[in-house]
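Thanks for coming. I will go through one structure today, a few local features at a time.

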Amino acid sequence: MASSRNIIALKSILHKEIHRFMRIWVQTLVPPAITISLYFVIFGSLIGSRIGEMGGFDYMSFIVPGLIMMTVITNSYSNVASSFFSAKWQRNVEEMLVAPVPNWVIVAGYVGGGMARGMLVGGIVTFVSMFFVDIQIHNIWVIITTVALTSATFALGGLINAIFAGSFDDISIIPTFILTPLTYLGGVFYSISLLPDFWQGISQINPIVYMVSAFRYGFLGISDVSLALSFSVLGVFIVSLYTVAMVLITKGIGLRS
Amino acid sequence: MQSALKISGLKKTYKGGFQALKGIDLTVKQGDFFALLGPNGAGKSTTIGIIMSLVNKTAGKVVVFGHDIDQELETAKSFIGVVPQEFNFNQFESLMKILVNQAGYYGVERKLAVQRAEKYLKQLNLWEKRNDSARMLSGGMKRRLMIARALMHEPQMLILDEPTAGVDIELRRSMWEFLRELNQQGITIILTTHYLEEAEMLCRNIAIIDSGIIVENTNMKSLLAKLDVETFVFDLKPNSVPTALADFSSRVIDDHTLEVDVKKRQTINAVFSELNKQGIEVLSMRNKSNRLEELFVGLVGSGQASSKSAVKE
């Protein structure tokens, strides 16, 4: 009885979340396609042709996995951060809080919504990439697993951000000052093996390095770090962030007086 | 019969030290139409917030249809529908989506939820607006939408926090009728309101809360029986007001208006006799204020409490 009720509740939250970003598709689905096209024109055609090869591949092919991953990260994060914060701000989060919805269902519903947007946008960007470069796939399962785990990680991050946020400014601070620098320094545009030893060591504390590396392996068969280490890092992040999110919602931080 | 709601020793102290509830006890019987009254800041919304798990209690126990919210929160929640004081739905969603999603949170299948949404939207005269965005609705329509939303899982107890605030009198009366019908169907209703006439007309039992303490908890008839004096306003033929009435305390308001205090042991007939004796014609007569209002003001300290700190109301 309770399990079927929970499944219906989970489906309702997922339905609401997916409907939300589809309803505002001009704001959510179109901009990543335009941005990625600009990256390909500038970094691929204009600058990339002068850079030559990287990791044994032409520069355009090398940056494709990183650019897709960058889009997945920002969209998974911002979807949950803005949706959950809006629900707090308009107080419609109370619709779920007064109902017999377990906290794990709320977390799973929002994270599922973030993953759905991250992966849909990832698919759109991959499709756009095909107009600029011959996409090759080394291992489809590594690609799917990496994109699913990465989107789950950042959707959880977005949820935690929204729980603490007290204003709309608060949900843009982390993407601007933390997420974007980590992404740009996470090996999207270069192989970290090109960096001096010191900066290679520093890069290893950046979790995005592991995500981009695993994703690039799925496409090109090359990686900066081992696949096992990448998946382990992702697993640790997901378990840790899920635990934090559950504790915060159970205690009612930012949600209950 | 099992209680619909049993509250014992409920306390709430907010961060900063404001003590909103100082240990209240309250029992609401199944099928009751119950009023929870009090001035701003008295603790009404805090009490409702705790029942709905939107406010964490500091101490005490809340049991809903035999289910303690500390042990069986989800089961307890499934019995309750709530209509909050402030609009708390997604303003950008359509009415239909708001209702169907809410039903889903309670485990109601989508197909059944759509049928119920149609039923309640029609009953509350919102069916024509079903595909409109909620932000397009008037204030009264938004209140009715929240009532429909609270009923989507067909709860056994409905809690309404100021449901008719800012609603015009015609709409208020149609909402009263709707609530009466729900109560007749067996739904327990708990109502907070500032319109004391509303409580007097609808509710069988009443609790008055002031500064976090229950100051009165009884049935409406017993409470009204405590009223010792009622003030009546007489509209008289112009320039015919009496100087005084024997046995009655009275005040001349203007050249055609007289206020008379009538004690419980006195009759209005006696007032008319006095006026007749002086040859004064009465054009009309009315209560100066609602009976419950007079009692309420007395119980909460002549309205002084209403100016107290209103942290959470």
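Is Phe65(B) buried, exposed or partly exposed? It has 19 other C-beta atoms within 10 Å, so Phe65(B) is partly exposed. The cut-offs are these: 20 or more other C-beta atoms within 10 Å means buried, 12 or fewer means exposed, and anything in between is partly exposed, with C-beta atoms placed from the backbone.

Before going on, the conventions. This is a predicted model, in which local features need pLDDT of at least 70 and side-chain atom pairs count only at pLDDT 80 or more, while totals for chains, interfaces and linings use all residues. Residues are numbered from 1 along each chain as its sequence is written, and chains are lettered from A and ligands numbered from 1 in the order in which they are written.

Back to Phe65(B), which sits in the loop between β4 (59–64) and β5 (67–68) of chain B. Helices (H or I, at least four residues) and strands (E, at least two) are DSSP runs, numbered from the N terminus. The phi of Phe65(B) is near 45 degrees, a positive value in a residue other than glycine. Chain A has a case too: Arg91(A), with phi near 70 degrees, lies in the loop between α4 and α5 (94–97) of chain A. Arg91(A) counts as partly exposed because it has 16 C-beta neighbours inside 10 Å.

Next, helix α3 of chain A, residues 30–51. Its 22 residues should span 32 Å at 1.5 Å a residue, and its end C-alpha atoms are 29 Å apart, which agrees. The expected span here is 1.5 Å times one less than the number of residues. The helix bends by about 35 degrees at Gly44(A), the bend being the angle between axes fitted to the seven residues ending there and the seven starting there. Gly44(A) is also one of the buried residues of α3(A), which include Ile36(A), Tyr39(A) and Phe40(A). The buried residues pack against α4 (59–89) and α6 (103–129) of chain A. Contact means that the C-beta atoms of two residues, placed from the backbone, lie within 7 Å. Just after the helix, Gly52(A) takes a positive phi of about 85 degrees.

Now two helix pairs. In chain B, α3 (residues 95–105) and α4 (residues 110–123) pack at about 130 degrees, with their axes 9 Å apart. That makes α3(B) oblique to α4(B). Axes are lines fitted to C-alpha atoms, for helices over the stretch in contact, and angles run from 0 to 180 degrees between N-to-C directions. Under 35 degrees is roughly parallel, over 145 roughly antiparallel, 65 to 115 roughly perpendicular, and the rest oblique.

In chain A, α10 (residues 207–220) and α11 (residues 227–251) pack at an angle of about 130 degrees, with axes 9 Å apart. These helices are therefore oblique to each other. Among the contact residues are Tyr210(A) and Tyr217(A) of α10(A), and Phe231(A) and Phe237(A) of α11(A).

Which residues does Phe92(B) touch, not counting those up to four places away in sequence? They are Ser133(B) and Arg135(B). Phe92(B) is in the loop between β6 (80–83) and α3 of chain B, and its C-alpha atom is separated by 9.0 Å from that of Met136(B), 44 residues apart along the chain.

Last, the contact between the chains takes 22 residues from chain A and 24 residues from chain B. On the chain A side, α1(A) gives the most, with 7 residues.
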